[in-house]
Each structure stands twice: as C-alpha cells, then as structure tokens.
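Work through the exercises below with the sequence and the model at hand. Each task is followed by a solution in steps.

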Amino acid sequence: MPRPIREMVTFTLDGREVTAPESTMLVDAALEYGDVEIPVFCYEPKIGPPVGACRMCLVEIEGVPKLQAGCSVPVKDGMIVHTNTPRVKEAQEGVVEFLLINHPLDCPVCDKGGECPLQDKSFGWGSGISRTVEPKRHFEKPLALSPLIAIDRERCIMCYRCVRFSQEVSEDHQLVLQERGADTFVTTFDGHPYVAPFSGNIIELCPVGALTSRPYRFRARPWDIEQAGSICMLCPAQCNVSFTVRDERVLRVLQRDHEGVDNGWLCDKGRFAYQAIHVDERVTEPLIRDGGTLRAVPWELALETAAAALRRAGGRVAALAGGETTNEEGFLLQSLVRDALGSPDVDSRRGGTLPLELHRALVAPALQASVPDLQYAHAVLVLDTEPVDDIPILDLRIRRGVRHQGVRLFVATSRPSSLDDRARGIVRYAPGAGEAFLAALDAALTGEGDVDALAGAAGADADAVRRLADGLRDAGEEVVVLWGERLTAGPRGADAARALLNVAARLGLAGRDGAGLLEVPSAANGRGLREVGVLPNAGPGLCEPSAEGRDADGIAAAAAAGEIAALYLLHTDPLLDQPSRRAWGAALEKASTVIAHAAFLTEGIAEHATVVFPAESHAEKEGTVVHPDGRVQRLRRAIGRQGDVRGEWQVLAELAARLGADPRVLTASMVSQRLFDAVPFYAGLTLDEIGGRGVRWPEREQAGALPTAALGPFALEAPPAAATANGRLRLGAFRSIWAAPEVAASPALSFLRPLQRAELSPADAERLGLRHGERVVVASNGHSVSALVHLRQAAPEGSVFLESGIAEHSAANLDGPLVEVRRA
C-alpha cells in the first residue's frame, strides 16, 4: 500500500489553533504540532494501532459526553480539545493513583529510577497524595525472563507493550499475559526463557522498571552516565544507536530512532554485544610473530616491521577489507595498495567480483529502493537472503508492512525463511541456482522462453514460478526486490546479476518512486567499500582503475601459488568470512607476510598473522559508512580507545607515509573530506550535512556523476542446471545472526554462539534413517564436518544447509555442490 497522503486539518487545543495532518492520533498531533504533552503509558506508535489500555491519556472533546483516550482519537478539522480541565485532571490523578496501588516504592534501588516514565507521570499528573493503606501484592522477584532480561512483576503496570511487541512486531508470540485481574502477570507462553533475535527491545519499551537488562542491572544511575550517538556496525542494517557511557566504558546500548533506517528497533546482537569491547580477550596492543608466537610490541616496532615486509613484497601484495571497515579506512587501504605498493589486488566482496558495468548498474539511483519502501510497497520479493540473519532489522520492517499496510510478500530462497508464514507466495530452488531461478522468472514475466526447462534447471516448481510472476505483475507498480549479495557470488555471478536486472526491467522498477532493488551486502559496510574503490576492477566512485586486479578468489589462488607474498587483512579473517576455507588456508600458509587489523585472535589471525594491529570497535571509530540503500551515515567516537589502540585510519596513513606515499592527513575529518572529493557522487558532502541522520546520495543532485551503465534487459545465456542429488544432498550454506566473534566474546550472548547443525527435510531424514538432534557427518571430496540434525518441515527435499562463519566444522570446509550425510 503506498504511503498515505494526508491533508492538513486545523483543530483547537486548549484554546489555541493547531494544524496537523488529518487522522494523526491526538497525542502525537498535540506534542508535535501543539507543544502539549498528553501523558501515555500503553501507547507506542511504532508497535502498531493504539489499544487504549492504560487510560492515562484521557482528554475532553467538545460535543462528546465522555472523556476520550487521546491515543485512540484521530484529529479532525474543527475538533475542540481540552487537556487541562478539572475533569481531565481528576481522571488522570485517578489513573496514576490506581497504577500506584500495587507498585512498590523502590525507586532508589530500581534501575529505571531517574529515567522512569512512571516517575515523571506521577510528578506531573498525579495528586501527590496516597490514600492506600492496604498491603500491596507480591510476586517472587526478580525472575530471569531470559538470560538477558530480568522481570520484576510487582512493578508491572499491565501496559501490554512487551506482549504486543512479541505478538505484533517481532511476531515470535512468546510473551503472554496469564491469570486475570490483580493476579495478571507477564510470562512466556510455555514458561521457557524468552530467547529471540529482538527480545531486548522490550526493556526499552517498558515504561517502568519491570523489565531490566541483566548485563546493565545495578551498573549505573542516570546521573552517572552520558549518551553518545553513533552507528552499530555489527551487520549491514547499520542501526542508529546511543551508547550509555560511564568512565570511558560502554555500559548499555539504546536505540536512536531513525524512521529511514531502523524504526527505533535493535536486534539483540547490536544491543548486547557491546560487552566484547571490554573483555580481556580483545587485542588492545600491537602484536608481531616471534618464534611462532604472537607477542606484544611497541607501536614503532610493529609499524616498521609491517612497512618493511610490505616494501620487500613490492607489487606482490593483496588486500581484503570487510567487517567494520569504514569508508575512510577502505579509501586509505586501496590507496596504500595501489599507489604506494603498485598492486591492483584489493577486494571487499565474498566469492568473486562482477564486471564494473554491473556494479554501476546495481547502484544506479534510478533502481535504488529505500528502507521505508519495504513498508509501503505494493509487493516485496525477498530473494536469496534471510533477513533475520543477514540484516535483522529489515525483518521487522517487512512484517510491519505486511501486517499494517497490506504489503504482498513473496519469498524466493533455497533455505526456508522465517518470513514464509507471512508470504503470499513461496518458491524454493536449489542452493546456488539463483541465476536459473531468475531466468525462469524473467521468462514467466515476458511470456517468452521455456519456463518449465529453466525452473527445472533451478530445481524449482515451474507453476510456483508462474504464480510468483503473476503475483508481482498484478500487485501494483511499487515493487521492491530485497536481494542478498550471495546471489551474485561465484563464477556465474555476472549472469545472475544480469538476470536480476532483467526482472527489474520487466517489472518497470527503474525511475519509479517507492520501487527498486535493495541489496543485502555480506559485510556491514559492503556497499560503502565498493563505492570508495575496494574492488579489483574499480577505483573510488566506481571509476575505471589504472589496472585491473584479482578478486578474493583469485587472490587466494595466487597466494597459494606463491605469486603473492604479502596479504593485508582489514577487519576480516578469510577462514571465517570467505566461502572456501581450504583455499584460504593454503593461501595464508604460503604467504610470507600476513598483516591484520583485528579485535580478536580468530583462527586465521592467530595461526598465520605476522603483524596484528589492534582494531577499533564501532564505539571508538570515527568516519562514515554507507547503508545498503545508499544513505551515507556518520560514526562518532563514544569512548576513548581502549588500551593502546590507535585509529586505524592513522595506522594506514602512517604505513603509506613510510612507503613513500604520504596522504598528508592529520585528522579523521581530513580523510573524510579527501574521500568526498575523490568520489564524484559524494561531491559537496560534509560531515555536518551528514549529521546524525545521514544523507542518501542517490537523492542528491550529484548522483548524476555516477558513470552510467545499461540497466537491461539483457540477452541471457542458458543457465547450468543444479546438480542432481542421486542419493546425495545439495549443499547450501548460511551465516547465522549469532556467528560473529563479538557474540562469542560477550558474556551475555555467549550462550547463543552457534554450533554446526545440518538442516534437513523430514523426508530426507527418514530416507537416511536420521532423527532430530542426532549427530551426523557431512562429507564431500574427502573432507567432512560434524553436525547435529535439525529437521525443518519447510526444508526442500534433496538439500542440506550448514552454518558458515563459525570456527569449527564450518560449511566452508566443504566444496559441494553435493555432499554425503551419514550417521556419526
């Protein structure tokens, strides 16, 4: 459903005329347009429609005999509203008194004390006198609602916010209210811990101290702390966050509501993984390998050792960037490798690059959808990505669009999606057969070509592909395709990209407001790194480089063959991040020098790094990043750098200077300005303009400076058919939201650290004689991993899905496309 177009209406509020959009809820219109606060407890617009449960927002409306709940009344032209009459005050004082009947007077020891809405409302709208002499109700307290959340049921005022979040926003349906009347309490449906990707949001939603963060519990009071706004860099969602800081330590992470990015929600990784910043395992000083062991050394020795090794390697150097790398760091890295060392081998993608023309086409402003478009489009196609793992916060945005705006959702993936139950149409195809699926969809949209043959090549049902084509065609003009970078990985990634652009062309997405493509990169700043030139075939601004280099796969092969002497790894461990662990194991073993920026000694770094520079956390960084929808956002330092950590832009600039290519930058803002000048479509940007909300560069006039490229349709080659199982299973890989070093290092989240599991269909498990939870061996070409069987009803027959991005038994150990699964 397209965004509603609202007319402005004028109403009277406490004797003053106020103009606001028609149908805006009275409490919102009063606060935003009339500067009048109407108190609320249960109302939270980002949860959904109001329920009017707490009755705190009662107001008097002329012509209506009874007091009305301001959260549930939309403003209308000519409406006359009173918020401060004796009748209203009496009602509000009564509500406050009723809420306090059973609420304990424990503000001095409550974590919410000092930042508590109930305190504020009691002081502002309560009578100040308690007439209650009866004993208050008591519950056992505090209880662990989950390993992350404590619940104090005596403090609960039954606002329903947490329950509504669970049922209407995250739709995990775990929280419920049990019992009735004064005995009502919040619990989980089955009494199990509330473990879900977004559970921590209920802590911020709670207007009292009933739900508190267990890691933050009793750590600080509001007058001991300060808030520092920045960006979460733990996944491509790049949510806007506010760090709670005390004595240069992050104690808590809160949301910083941005409707264009996160809508005020955070996943639990972004909310609780801050603990990894301060653990003892973190690398906080430079290390060099001495006698086979990494030991701490002064910065001067580490820098000179790294510079000397790079100088010896000359042009036989390659670099990879990923993870939390900022635009500025990526810009300096590609300049170091290309200008100072004379090597074109630099990459930031996983599984191969694309022709430069396709890189340009996929970021063309005419094809770029925004995050809010997912909520208001006529239809959304989720293609080869699992949002809850790859870009979690968009999972909530899509659910909101389906629930409240009537968005038609379609899912086309190899692996079952958490969004399947909300989808109007689902297509399953074989792992790695995205190209063939898109070719079949292209044929179905045009009515030309053999849909049956192409769908068969993809391992998909041809009728399901036709239904999907009809659904997208008939949904309306505004269609958004949310697609994962893995779709264009591998040797035929370019063919898949052309097929994707064909589908966009058939649907007429180019140049249409509210429609387009939205990529989910594999790395947090994947889009930004490409735009600043961390690609083997593109310089800053996606311009032609002076020489074309090798992509990540080519770098691994060249290093294993001895053609590359030194590897520079910026925020990436190839053994965890790249799709072929064995190829990179050989490359790291053969390379004479491996220089890494790392926060933790993951396997590849610990075993092979020659020099390790301590990496900044996202709470310590300065710079910019680019959201998947093209929004340039600014990172700000929230705390001082821990230990002996230095700014990574400083380290890169210092190395370049020692190698004879001094970039002459003294501050992070100087690097940002140099970057903005080098990228034509960033021209004129300033850090002040980016500010705290960011700037979508595809909407700027300078977007026209992006080199043009054909957007399709293209003539497509016949795609190869998916491998035939023949008694074995096709191998698919996925990376869980929890597969990250920060999760493993955070005490609060370590229980979520993933172990390898083999996701199978019940039919395949029965054929193989396997049961849920049984240990199996998954083998291919003489290599194997161990896993636990995890049966999924919606899993397609003939495929098995394994976790990647984990240290032990990763899917990257296997080549595929076929594997054997047997009982261990």
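**Exercise 1. Classify the packing of H13 and H16 in this predicted model, and list the residues that form the contact.**

Step 1. Helix H16 covers residues 493-506, and its axis is 9 Å from that of H13, at an angle of about 25°.
Step 2. Angles under 35 degrees count as roughly parallel, so H13 is roughly parallel to H16.
Step 3. The crossing in which H13 passes H16 is left-handed.
Step 4. On the H13 side the contact uses Glu435, Leu438, Ala439, Leu441, Asp442, Leu445 and Thr446. On the H16 side it uses Asp495, Ala496, Ala499, Leu500, Asn502, Val503 and Arg506.
Step 5. Sorted by class, the contact of H13 with H16 has eight nonpolar, two polar and four charged residues.

**Exercise 2. Classify the packing of H13 and H15 in the same way.**

Step 1. H13 spans residues 434-446 and H15 spans residues 462-475. Their axes lie 9 Å apart, at an angle of about 60°.
Step 2. This angle makes H13 oblique to H15.
Step 3. The handedness of the H13 and H15 crossing is right-handed.
Step 4. H13 contributes Phe437, Ala440, Leu441, Ala444 and Leu445 to the contact. H15 contributes Val465, Arg466, Leu468, Ala469, Leu472 and Arg473.
Step 5. The class count for H13 with H15 is nine nonpolar, no polar and two charged residues.

**Exercise 3. Describe how H2 packs on H3, then locate Ser127 relative to H3.**

Step 1. H2 (residues 86-100) meets H3 at an angle of about 140°, and the axes are 10 Å apart.
Step 2. Only angles over 145 degrees count as roughly antiparallel, so H2 and H3 are oblique to each other.
Step 3. H2 and H3 cross with left-handed geometry.
Step 4. From H2, the residues Gln92, Glu93, Val96 and Leu100 meet Leu118, Lys121, Ser122 and Trp125 of H3.
Step 5. This contact of H2 with H3 divides into four nonpolar, two polar and two charged residues.
Step 6. Ser127 sits in the loop that joins helix H3 (117-125) to strand E6 (143-144).
Step 7. Ser127 and Lys89 are separated by 38 residues in sequence, while their C-alpha atoms are 9.0 Å apart.

**Exercise 4. Which residues touch the most other members of the largest nonpolar core?**

Step 1. In soluble globular proteins, nonpolar side chains tend to be buried together.
Step 2. The largest nonpolar core here has 84 residues, and Ile202 and Leu409 touch the most other members.
Step 3. Helix H12 (residues 392-405) gives the most to this core, namely five residues.
Step 4. Not counting residues up to four places away in sequence, Ile202 touches Leu145, Ile149, Cys162, Phe165, Leu175, Tyr194 and Leu211.
Step 5. Another core, of 59 residues, lies apart from this one and includes Val317, Leu336, Ala566 and Ile595.

Notes:
Residues are numbered from 1 along each chain as its sequence is written. This is a predicted model: local features need pLDDT of at least 70, side-chain atom pairs count only at pLDDT 80 or more; totals for chains, interfaces and linings use all residues. Side-chain values use heavy atoms; hydrogens and water are left out. A nonpolar core is a set of buried Ala, Val, Leu, Ile, Met, Phe, Trp, Tyr and Cys residues joined through side-chain atoms within 4.5 Å. Buried means under 20% relative accessible area, exposed over 50%, partly exposed in between (1.4 Å probe, protein chains only). Helices (H or I, at least four residues) and strands (E, at least two) are DSSP runs, numbered from the N terminus. Contact means heavy atoms within 4.5 Å. Axes are lines fitted to C-alpha atoms, for helices over the stretch in contact, and angles run from 0 to 180 degrees between N-to-C directions. Angles under 35 degrees count as roughly parallel, over 145 as roughly antiparallel, 65 to 115 as roughly perpendicular and the rest as oblique. A crossing is left-handed if the near helix is turned anticlockwise from the far one by less than a right angle, and right-handed if clockwise. Ala, Val, Leu, Ile, Met, Phe, Trp, Tyr, Cys and Pro count as nonpolar, Asp, Glu, Lys and Arg as charged, and the others, Gly among them, as polar.
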